[in-house]
Amino acid sequence: MDSTSFLIVDEQPINLSQALKYLQTSGKLQPFILEILRQRILETELQTRKDLEINPGVIEQAIIDFRLQQQLTDPNNFQEWLINNGLDYPTFHQQVVFNFKLEKLRNNITEPKIQEYFIEQKIFLDRVVLSRIVVKEQELAEELKSQILEGARFEQLAQEYSVTDDRIVNGMMGPISRGQLPDALRALIELVNPGEVVGPIEIDDWYCLFRVEQFIPATLEGAVKQELENQLFEQWLGEKMQKLNIKLQVNS
């Protein structure tokens, strides 16, 4: 391990070996190493892949747009901004190129898989809005169900009988991922239309009636698409990390 100091604190040098020991003692060495490995994998990919070239004109336009947005069109102001952020222009330019190539790499890796992955994850992405009445006795739950079928207002019964805090909002639970529902409940609500009531269902020794308010199917766009792309990209990175031969020499 190189013993050359890379950090000076109160005029006292800290070499890399000692810094790693500090991280090891604090329990923060592993995420530190993982971030290094992550960056190594990314930079290796960006340097070696031929499908990630970016038109120089796109880079220059992005820099112009950035300076306009940040009100850094004046060269002196821009230079001051670079210094304040610990950068020089070549390093700043390199960062812009890196980000463009990284985004292109993400797209190239995730685009062929995103549709199939979306279908696999759809049960966790689709949501349903439910209202509920939760009581302790099965007989009471069945009686309330009969009253609802005879025309009693679900909201009123929720306020009068339900033991959960959401009774003050007529039992409304709000949007819930279908994948987070108990299996028995998920199977039942898939067979009904909004406005219909299912149950009683026993959940954790309580008896529950549920009214389906609204189904909210997920679509492969916006935040959903971005989150799935992130997951796929992290899976790809994880697979790359597993193939690395790593030796950590903190004490040498």
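Modeller: Buried means under 20% relative accessible area, exposed means over 50%, and partly exposed lies in between. Keep in mind that this is a predicted model.

By that cut-off Arg49 is partly exposed, because its relative accessibility is 24%. Its side chain meets that of Asp51 in a salt bridge, 2.8 Å from N to O. Asp51 is partly exposed too, with a relative accessible area of 35%. The pair does not stand alone. Glu45, Arg49, Asp51 and Lys240 are linked in a network of salt bridges.

Next, a pair within one helix. Glu103 and Arg106 both sit in helix α5, residues 89-125. They are three residues apart, so about one helical turn separates them. Their side chains form a salt bridge at 3.7 Å, N to O. Glu103 is partly exposed at 39% relative accessibility, whereas Arg106 is buried at 14%.

Arg178 forms a salt bridge with Asp126, and the closest N and O atoms are 3.1 Å apart. Arg178 lies in the loop between β4 (172-177) and α8 (183-189), while Asp126 lies in the loop between α5 and β3 (127-135), so the pair ties together parts 52 residues apart in sequence. Arg178 is buried, with a relative accessible area of 16%. Asp126 is buried as well, at 8% relative accessibility.

As for the total, the structure holds 13 salt bridges, and those described here are among them. The general point is brief: side chains of opposite charge can pair when their charged atoms come close.

How values were computed:
Residues numbered from 1 in each chain as written. Predicted model: local features only at pLDDT ≥ 70, side-chain atom pairs only at ≥ 80, totals over all residues. Heavy atoms only, no water. Salt bridge = Lys/Arg side-chain N within 4 Å of Asp/Glu carboxyl O. Buried < 20%, exposed > 50% of the residue type's maximum accessible area, 1.4 Å probe, protein only. Helix = DSSP H or I, 4+ residues; strand = E, 2+ residues; numbered from the N terminus.
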